[in-house]
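Biologist: I'd like to learn how to read a model like this one. Could you walk me through it?

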Amino acid sequence: MALDDTKTRRTSIAFYSQPLSKWYLPLPLSSLIFTSLIFFASTSFANQVASISQLKNVTDIAQDDQGFIWLSSQKGLTRYDGNSIINFASNNPQWKMPFNWTHSISKADNKLLVGTESQGLWEVAPRTGEKAQINLTISNNTIYNAIKYQQQYYAYTVSPKAIYRYQPKSESTQLLGESIALDEFFIFKKRLFFFNNLGIYEITGDNIRPFFTSNIKQVSVIKNKIIVATDNELIALDEHQQTIKIPLENPIQAMTAANDLSGVYSLDINGKITLLNHTLTEIPHHYSPDKKIKAQRLFHDTSGVLWLLNSQEILQLSQAYNIRHEKTFDTGAENAIEITPLNSHLVLGSYGAGIYDFNANNNFLPDNINDFFTDKALKVMDLQTVGNDIYIATFDGLWKYHGQKRALTKVDIENNQQILLKLAHRHQHLYIGTDENGFIIYDIKAQKVISAVNDTTKLSSTEIIDLLPISDETLWLATANGIDVFNTQTRQMSNITLPITSKVISLTQSQNKIFASTHGDGIFVFNRNQEILAHIAKDMNFTYIRALKDYVWVPTKQGLYQLNPQDYQMTLVPNTEDLSFSSEPVLFDNHIFAAHYGGILEVPLTRTDYYHAQIHIGKTTISGKYFIENKSINVKSTNEVIAFELTSSDYRKGQPKQFRYHINNGRWHAINGNQLTLTGLASGNYKITVEGTNSLGQWSNHQAFAEINVAYPPYWTPKMKIIYAVTLTGVLILCFWLLYLRARSIRQIHELLAKDVSQRSKTSLNINKSLTSAIELLNTIQDEEALKQVHQARSMIHQALAELDGQIQSDEPDNLEGKSLNIALPYLGDYLHKKFNIEISTKVEINEKNLSYELQSDIYKIVYEALTSAIINGNGSSYHVIIQEFKNKIWLTISDNENSFISFKSKVKFDMAMYYIRQIANKYSASVNTFDEHEKGSQLVISIPLMSIS
């Protein structure tokens, strides 16, 4: 392995996006539709705000019941979902409102009360976007502040300075006070107040009376107190005007109540943020802006984000529980750092500058300690603490720092000039992974190598990236080609084949499970039998992971994560998404220390709070039409394009939210980004369920739902389906009835044939006996005159007996007998003429040489069966047989002068002759038809194709 590859493996980590959600629309059509949508959006929003950072002069902020953030400004009313914004204003044709410039927002039951610059007071339903004007009768429609209290509306105007009350029941507007300033209305203990720079006032009925007088700068309301900021003190005021006061070091810029109303946040003129409870006792918090900021307004949302608003920008602060320690080394390369604890200190190893004490102010390591390294050994790859000593893996073999002697030496072992990548320690053994020479087992107590394995027949690769010794005396190895498991007692090696191409980077153990991180293919989880239990975070890229306490700590190039080894839930450590980590974390002084390329991150060893963000469908697009109301969707065509913009109400910094969905309780599908697009849905009803994560990657137990009803075509409505079902049932019943009749007819034929055979057998036996008796009687006659006639009768009787006994061969021409049709058919006609005394004519107009003998024999069989059946069962006296070739078919026409062939078309009642004819016709895919002549006579017409029909 090249040295650059080693460096790349240590430093290169990247996120991969989630798989694309399934598209049901063919690509060309979908491309055309979405190109049109993008063009429409770009033209419609040309004059609108594209992101929250573009909003200026924001005057008010509120959060609705769904978790959306609403902002008022000169751009209108703006809704923000953490990813995108919607501007409600008169110049936005998609989200049109009768106003642009807004001054205030306040929650009024389940609606928002909006004060505007020139259009008066409005109520807006945040779930649907519907609006309704509050019909104040006032001289100036500029509303700077408003509130709803006991189903009445209170509004404040500036020109003139006046307070009005509107009563919806009577639709009347009443002037409560004029020439009076007002900063903001608020409700405390179910009583209505407002404040200005002179004090707090209560509105009771038609009266305004002073409640607390002072030079007021800011007011916030929490559960049991009104918190008042003056120029030099903070005051906690209850409903009885009893106060608690504390002095202020610096004047307050802005204040806001915590989202749970348990305390109040304040921002002073120096940019310091303070959290106080109802007794004005300071509470620790973790909001620390990285610069001095100014704000006219603060707001604390349900996800714990502190919003700071001023005329030029909107800032969002998330709590940062961790501490960043800047550590950089002059190595001429990337600032990769290794960490190990030694006694009460942390020792750092740099990639090119040797080892250092984490706390540069103490003298734990000698100042000249790195002078004892060779130039190559200054590139430290790993540190491993054993007792009071530190073993150091370098580009120049294995080194040791003696904690008691405070000395650095190179370990005296053979071939100790190799590039070492990783160290692991268990009991008295040190396991050493090399770059190209397998691994070494070093006995710490005996100070000697007891095993060196570099056999390529046993190892999948001699590049050992990580080692994990576990309690069953096996050593798990992450190599360049996979995972090997070495039994240290039997020295047997086994290999685990993984369905990936990326390298395995790191191994760690937690709760009897082995976790293997890869360079781009996620994390595999194994049991001790080397069986894969799970494959998680499949598209992420990891470095060295380590199990510490109850979690597996997972560094990546996009932040530090905690992995729960039980449910495999990965949680981003807050405010680490901008850090790129280089090595495994370590546990020290009940804190996690993890090295990144800018230094060391210190994280308290506490479980991250689980925040269940609200998941919503923030916007629905149906073929270019937009809606924010999440209602049942009814579309008439399967070609409609339906797009859902998904939101997670967590405004903290972190990783992009993830979403997944299923349809009608089917399997879950991952969604790429925050938009789910569906099209090509077949007719029917669909229930969509969506889940999402918060900013830390934790899946919320809240879900969003949508219902889509795709109309059926007119020919496939439920009513038409019933008609089709009834019709099909009727047809099937009819078919079964016809089959039953046919089966009964066939059964009758068989019964008749059996009966006929039985009767003929009995008759034949009786005739035989009778004739035999007649001969015996004739033999008794002695009269010479009668002897001549007796002799003739005796001859006839003997002939009849011989025929009954089968001694005389029948000459009935029922088959072709090797002759041609031109010869056999006239003979058949003569035979039938003599036997039945009928007229028969035959005419053959075909080239017999082109027909197989089998076909000629079958044609003859048809003629024979048809004529004998018609003669016996019919009443005709003259028959004509014509065989012709026309249009590549043989046409056989048999006609009579009566209606002998009419019965041949019946498929229910037929005799054996008709059965034979149909069997031969099916053999050649021939058609059988009967015709009734207009005057007198009938025809049987059979057409036999000369080409095979599939």
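Biologist: Which residue in β3 is the bridge partner of isoleucine 69?

Modeller: Tyrosine 80 is the partner of isoleucine 69. Before we go on, this is a predicted model, where local features need pLDDT of at least 70, side-chain atom pairs count only at pLDDT 80 or more, and totals for chains, interfaces and linings use all residues. Residues are numbered from 1 along each chain as its sequence is written, and side-chain values use heavy atoms, with hydrogens and water left out.

Biologist: How do I read strand pairing?

Modeller: Strands of a sheet pair through backbone hydrogen bonds, either parallel or antiparallel. Two strands count as paired if DSSP finds at least two bridges between them; strands are DSSP runs (E, at least two residues), and helices are H or I runs of at least four, both numbered from the N terminus. Here, β2 (residues 69-73) and β3 (residues 76-80) run antiparallel and are joined by five bridges.

Biologist: What is the strand order in that sheet?

Modeller: The open sheet runs β1-β2-β3-β4, with antiparallel pairing. At its edges sit β1 (60-63) and β4 (85-88), each pairing on one side only.

Biologist: Now a loop. Is glycine 304 buried or exposed?

Modeller: Buried means under 20% relative accessible area, exposed over 50%, and partly exposed in between (1.4 Å probe, protein chains only). Glycine 304 has 15%, so it is buried. That glycine lies in the loop between β25 (297-300) and β26 (306-309).

Biologist: What does glycine 304 contact, leaving aside neighbours within four places in sequence?

Modeller: Contact means heavy atoms within 4.5 Å. With those neighbours set aside, glycine 304 touches Asn259, Tyr287 and Leu317.
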